[in-house]
Amino acid sequence: MALHVDDLRVYYRTLAGDVKALDGVTFDVADGEIMGLAGESGCGKSTLGNSLIRLDGRMRYIGGHAVLDGEELPVWDDDAMDRFRFRAVSTVPQYAMSALNPTRKIGRMIHELLRARGVEQIGGRQEIARRLELVGLDRGVLDLYPIELSGGMKQRVVMVISTLLDPSLLIADEITSALDVSTQKAVAETLVGFRDRGFVKSMIVITHDIAVLHQIADTILVMYAGKLAEKAPADEIVANARHPYTRLLISSLPEVGVRYAERRLTGIPGRPPSLLDPPAGCRFRDRCPLATDRCMQEPPWIEENGRGIACWEAAAMPAAQADAPLVAGAL
Amino acid sequence: MLRLDHVSKTYRVGAFGRGRLAAVRDVSFELRPGEVLSLIGESGSGKSTIGRMILRLLRTSGGSITYDDADIARLRGDELKEYYRRVQGVFQDPFSSYNPIFKADRVFAMIRAEFFPRVGQDEWRQRVHDALEAVSLNPADVLGKFPHQLSGGQLQRLLVARALLLDIRYFVADEIISMLDASTRIDVLNLLADLKSRGLGILFITHDLSLGNYISDTTIILRHGSIVEMGETEKVFGDARHPYTKNLLASVPHMHEKWQSNGSGPGTNGVAQPAIATPELVLIEEGHLVAAS
Amino acid sequence: MKGLRESLHFARRNRKLVFGASVTGAMLLFALVGPLFARHGPLVFVPDMAVAPTTHDGYWFGTTLQGQDVYAQFVNGLRLAFIVGAVGGGIAAGIGMLVGFTAGYRSGVVDEVLNMLTNVVLVIPTFALLLVIAAYLQVRGVVPESVFIGITSWPWAARALRSQTFTLVSRDFVDLARLSGRSSWKIIFREIAPNMASYLVMMFILLFGGAILIAATLDFIGLGPSNTISLGMMMQLSVQNAALQLHLWWWFLPPGLAITAIVGSLYVMNVGLDEVFNPKLRET
């Protein structure tokens with residue numbers, strides 16, 4: 001078991017109170033597994049990714065554990081995490097490609113970064129160039145300034161840098177969001193290539209785009225309002241989701257081939273609850289077509305045979321009925 | 001009818017403005033009432049530039065844009081205002097479209113002040129309510145609130161409502177749903193499709209092929225400022241001929257099939273492409289044109 | 001507006017702002033009320049020369065070497081300081097806003113022309129110019145001095161406002177205002193300027209304080225108004241008359257402290273205001 005996370009809770013301190021951004025998540029990521037973390041804005045996926053590497057000073061650890069390769073990650077302490085950052089756990093943060101120092105050539109920036117981390121001896125320029133070539137970039141990139149590179153190139157440079165020390169766990173936060181569709185494919189495939197070549201043992205890929213996750217992830221974990229909704233192998237989530245939120249979400253995504261005139265898709269009415277003062281019980285119940293009185297009590301996370309779900313109705317429903325199309329507002 | 005004839009836009013770049021960057025090259029198409037036209041392109045394709053030129057926020061460098069046979073570049077003052085009565089737009093970032101220090105419904109007050117100064121208080125209130133209803137917003141939820149108190153979806157719908165207060169014929173939607181969450185996107189998209197049934201001509205600018213395919217009647221694929229393929233949506237998506245279009249379609253992540261690893265590299269490996277001659281568009285079948293490649 | 005209430009909430013709690021505003025306010029009060037207590041005019045010669053501060057005969061701040069009432073001069077100078085600040089700072093702010101907004105909103109040729117103008121005014125040697133002007137004018141009053149300060153200190157304000165306007169012009173709400181048929185000037189004053197309100201307030205405070213400081217410097221080197229006594233001139237005269245060596249501390253200490261107090265507290269107020277307006281700087 002590469003990564004084991006147990007009931008992790010992280011809140012954000014604000015003037016108005018605590019924002020319960022991540023409110024108790026439990027899951028495992030196996031060696032060599034690419035786990036996709038999907039959800040809409042505010043669901044807590046970025047918070048989860050960040051809490052495993054602690055780069056955001058506003059986060060307040062509340063409780064829970066994370067164990068990587070048998071060793072406990074000190075997710076409550078920014079300073080103690082420093083030992084693990086970049087070595088055991090690494091991240092490609094959101095907007096990383098826009099955060100490259102515009103006044104430094106790429107090669108020099110990497111060198112300074114490694115020196116700051118005390119690892120400048122790892123293979124040196126040769127190894128870096130080799131890895132760049134493996135992701136389809138010419139080694140001449142090291143002599144260019146960030147402004148001379150396209151978005152996709154910058155993203156791949158950042159990915160190479162983040163994985164230079166062959167981390168056990170890589171957290172990729174929205175790395176394809178700002179890219180064009182053709183570069184998106186290249187970058188996503190690069191990510192899989194890292195895993196296949198052994199640069200990275202396991203990955204958590206955070207994105208709102210379930211379609212991309214379906215292409216590259218082995219498992220997909222869907223989050224809603226700070227809690228886990230559903231977990232399943234990538235193919236099954238798309239074809240056979242069981243949590244009402246997942247099903248409504250997937251059915252609201254237009255695919256090439258679906259036209260308004262033929263089949264009008266619907267979204268999910270309403271908005272996610274405020275995380276300052278979340279409602280008791282299931283946080284999706286106000287928007288859920290299957291909600292009953294039982295949902296006033298928080299549904300437990302039940303995991304078996306590689307599938308997990310937190311829903312009273314879905315867990316109890318027989319398989320045949322679960323396949324019937326779900327329409328928001330109906331029932 | 002809104003027509004673009006050989007429209008181009010060139011920027012001066014570099015020291016002393018010696019270099020030239022062609023953002024839009026020789027683009028021609030028509031937008032008709034009651035029709036949704038998707039302008040699909042990646043970043044740098046010039047699609048937003050075209051939208052802004054249609055909205056008279058940018059000047060064309062060459063060619064002409066005509067509204068009912070009148071060249072819009074010549075419009076001034078009151079004539080320009082008349083144009084804005086008929087042609088409106090909404091942009092990508094809902095939070096940037098509102099002045100953060102004022103309430104969100106100030107956008108309605110602005111329309112009233114500039115276009116309907118003589119309309120009475122009660123009648124105006126009724127018109128606002130009608131417009132909000134047309135976009136499925138509850139007036140009590142959105143009136144009197146600041147932009148940061150509303151969601152992205154509500155803000156975008158408010159902007160559509162604002163446009164509906166005028167008697168518009170054409171609507172430019174520039175990536176209006178790309179910053180919204182997946183579950184609200186489709187509702188705003190459906191709203192646009194409903195507007196079509198009111199007789200509006202909609203220019204839907206996007207980088208997302210599945211969205212374009214969902215609501216549009218006609219599709220234009222734009223690359224580096226020029227059109228590579230255009231025609232009826234079913235034909236362009238169903239029977240793509242240009243290699244760029246095919247590459248785009250192959251790169252879209254589907255949910256019911258995996259990517260073919262055809263080894264195709266990313267679209268652009270470098271940054272700015274050198275100036276290339278605009279290829280001619282060839283009619284290959286009824287309602288389907290492709291650029292010679 | 002919620003923003004205003006929130007700002008006032010933080011404003012009251014910000015120690016720098018409260019301190020700065022209190023000191024400036026106290027000095028202003030002094031300037032308004034003080035002259036009522038002066039027994040003599042600022043330029044009037046009294047029989048007692050070089051007298052230390054005493055309550056006798058109203059010489060609260062003593063007299064100068066030539067026999068002028070230091071207190072009277074002081075409160076007069078204090079008033080002049082605020083006038084120079086308001087007029088000089090106001091003119092500089094006005095020109096700065098006009099040039100800055102126009103250059104930022106219009107860009108293109110207009111922007112380049114205004115930029116050139118700004119740069120030219122920026123590098124004009126003000127002292128040399130003032131010397132030339134001083135040579136031609138028979139009598140120089142406070143108002144001409146303020147005007148001169150105003151028309152030579154606006155460039156940095158114009159630059160700052162131009163770049164602020166640039167960032168706001170690129171926001172979509174400006175485009176939306178254009179799509180609503182709003183004219184350019186209306187957009188500048190009803191959409192852009194209100195967004196910069198905090199910036200404009202702070203800029204005015206800096207120009208105000210800066211004008212006072214420039215006036216004091218000009219006065220100190222003898223280029224001040226010729227028909228009255230200001231704080232800077234008091235310091236100039238006291239140095240000229242070797243007040244330091246003669247231990248006539250009451251002559252140069254009050255004006256020096258006053259200038260330092262006003263300008264210093266204005267700057268402190270500005271730092272405090274920055275924290276109030278910029279949520280990220282607040283110590284939460």
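Predicted model: local features only at pLDDT ≥ 70, side-chain atom pairs only at ≥ 80, totals over all residues.
## A first look at chains A, B and C

How does strand 1 of chain B pair with strand 4 of chain B, parallel or antiparallel? Strand 1 (residues 2-13) and strand 4 (residues 62-67) of chain B pair in the antiparallel sense, over five bridges. You can find one spot to look at in this sheet at B:Arg3, which stands opposite B:Thr66 in strand 4 of chain B. As a general point, strands of a sheet pair through backbone hydrogen bonds, either parallel or antiparallel.

Chain B also touches chain A. The contact takes 36 residues from chain B and 35 residues from chain A. Which elements of chain B give two or more residues to the side that touches chain A? They are helix 7 (182-197), helix 8 (209-215) and helix 10 (243-251) of chain B. Helix 7 of chain B gives the largest share of that side, eight residues. By kind, the residues on the side of chain B that touches chain A divide into 16 nonpolar, 15 polar and five charged.

The table sets out some values for each.

| Item | Chain A | Chain C |
|---|---|---|
| Helices and strands | Chain A: eleven helices, twelve strands | Chain C: twelve helices, zero strands |
| Span of the C-alpha trace along its principal axes | Chain A: about 60 × 45 × 40 Å | Chain C: about 75 × 50 × 30 Å |
| Residues that count as buried | Chain A: 49% of 331 residues | Chain C: 42% of 284 residues |
| Contacts at least 6 apart in sequence that join residues at least 24 apart | Chain A: 66% | Chain C: 71% |

How does the radius of gyration of chain A agree with that of a compact globule? With 331 residues, a compact globule would have a radius of gyration near 20 Å, and chain A has 21 Å, which agrees.

A:Glu148 has its place in the loop between helix 4 (124-134) and helix 5 (151-162) of chain A. Why does A:Glu148 count as partly exposed? A:Glu148 counts as partly exposed because it has 15 C-beta neighbours inside 10 Å, while a residue needs 20 or more to be buried and 12 or fewer to be exposed. A:Glu148 and A:Lys105 lie 43 residues apart in sequence, and their C-alpha to C-alpha separation in space is 9.9 Å.

Finally, turn to chain C. Read along the sequence, chain C follows the pattern α-α-α-α-α-α-α-α-α-α-α-α. One of its helices to pick out is helix 3 (residues 70-106) of chain C, which has 37 residues. From its first C-alpha to its last, helix 3 of chain C reaches 52 Å, close to the 54 Å expected at 1.5 Å a residue. Is helix 3 of chain C mostly covered or mostly uncovered? Helix 3 of chain C is mostly covered, with 29 of its 37 residues buried. After helix 3 of chain C comes C:Ser107, whose phi is positive, near 50 degrees.

Notes
Residues numbered from 1 in each chain as written. Chains lettered and ligands numbered in written order. Helix = DSSP H or I, 4+ residues; strand = E, 2+ residues; numbered from the N terminus. Rg over C-alpha atoms; globule rule 2.2 N^0.38 Å. Contact = placed C-beta atoms within 7 Å. Pairing = 2+ DSSP bridges. Nonpolar A, V, L, I, M, F, W, Y, C, P; charged D, E, K, R; others polar. Expected span 1.5 Å × (residues − 1).
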